[in-house]
Amino acid sequence: MHDSYVELMLPILSQPSMLEQYTNVAGGIRNGKLMEHLDSLAGSAAYKHILGPAADSPSSLSSIDFYLVTAAVERMDLLHYIKQGDIHDLRLSGNVIYTGKSSMEVTVQMVGLPRTSHETEMPVMLGRFTMVCRDALTHKAREVNPLILGTPEEEALYALGKSHAEIRKSTQASSLSRMPPSQTEAQAVHEMFLSRHPQGGEEFLSSTFLPPRGERTHLPSAGQDEFGHEIEWAWMEDTVLESCQVMFPQDRNVHGKVFGGYLMRLAYELAFATASQHIQKRTLPFLSLDNISFKLPVPVGCMLKLKSGVGYSDSKVVHIGVRANVLDVTTGEEKTTNEFWFTWDAEGGGTKGVVPRTYEEAMTWLESRRRLALGAEIRGIRQASTEFQKLQHH
């Protein structure tokens, strides 16, 4: 397992010229660029698992008869929000912890290095990627090397990776795209409908044809969120932001497709703009990127269309979904390649929630609540960990 270990140093404190490339408008660090690096690092660890030390040579990748793709980002959590004045040199590392027949789970982490002799390493970000091996000629799944476990720690990591694979299958089976919402979820949607639509839903039911956005004379009723805080409500459809850009060859990987990490950064930055506009705050601590799947590769030269909207928000968090579509300008054909989900901490200052109008929007609202519940559970487990508490307070 340890043979796949890779690392990357980002001396953003030691080298002011590098810091300039990563600084955001608030003086902190651009998380989207860090995600881009972590995706690349996960790919490097996967190639090293298959090729061994030869993976460190760029020329070795030009003659291989297989290729690796990022099938999914299982999760990425920010453990420490880097603000202005809290800059550290960063070490990014990763290695393969589990292998299936043609897939590999890669864990990546980012730590802030000590600035003085009184500090210890500070955990900044954790992530899990699923990489899949394909035959370069047939594009079918290709077997990968099994892992050799040498220590109890490696056996524990392998067991963790196996449990992640089983949880992933279970989650996919109960997805809202396959199964109807539970009775509790259906009740939550109905209660939200009655309490937040004008006139208890009567006006909504009588509005068969909706006027254009600028001509609407009403908004959902104001009230309290689930935590008892006063909050305003906005229609989910009115939170949407979109972008469109050409994919250039400078952002391609060794297989001529656009880097998954680059797509992640673009989605993150649009999602942040959506969250910031919705709750009217310029700075927001990032919490997590939820499970995303890379359904189709993004070719160089296509038009990438990103559409972002608020799935759920209250006084504490805002959850954003982003859909990525590729447009072939020669045929007009458009296909969905990715869906991204991001969570930001509203720090108790969130002033707006969202209300769905359609069944599809209601399912988005429920999906966001599911993901937020899972994220809160993971953060709770982590904060209860004695070892994590030690790392956080040094």
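## Strands and pairing

Two strands pair if DSSP finds at least two bridges between them. Strands are DSSP runs (E, at least two residues), numbered from the N terminus. This is a predicted model: local features need pLDDT of at least 70, side-chain atom pairs count only at pLDDT 80 or more, and totals for chains, interfaces and linings use all residues. Residues are numbered from 1 along each chain as its sequence is written, and side-chain values use heavy atoms, with hydrogens and water left out.

## An open sheet

Three strands form an open sheet in the order S6-S7-S14, with mixed pairing. Its edge strands are S6 (223–224) and S14 (352–355), and each pairs on one side only. S7 (residues 230–235) runs parallel to S14, joined by 4 bridges. Here Glu232 stands opposite Lys352 in S14.

## Strand S9 and its partners

S9 (residues 286–289) runs antiparallel to S2, with 2 bridges. Asp77 has Ser288 in S9 as its bridge partner. S9 also pairs with S13 (residues 334–345), antiparallel, over 3 bridges. Ser288 stands opposite Thr343 in S13.

## A buried aspartate

Asp89 sits in the loop between S2 (66–78) and S3 (90–99). Asp89 is buried (under 20% relative accessible area, 1.4 Å probe, protein chains only). Asp89 has no salt bridge (a side-chain nitrogen of Lys or Arg within 4 Å of a carboxyl oxygen of Asp or Glu). The nearest side chain of opposite charge, Arg115, is 9.3 Å away.

The side chain of Asp89 does reach backbone nitrogens. That of Leu13 is at 2.8 Å, and a polar atom of the Asp89 side chain lies 3.3 Å from that of Ile12.

Definitions and conventions: Buried < 20%, exposed > 50% of the residue type's maximum accessible area, 1.4 Å probe, protein only. Lys, Arg positive; Asp, Glu negative; His and termini not counted. Polar contact = N/O pair within 3.5 Å; in protein donor to acceptor, adjacent residues only side chain to side chain.
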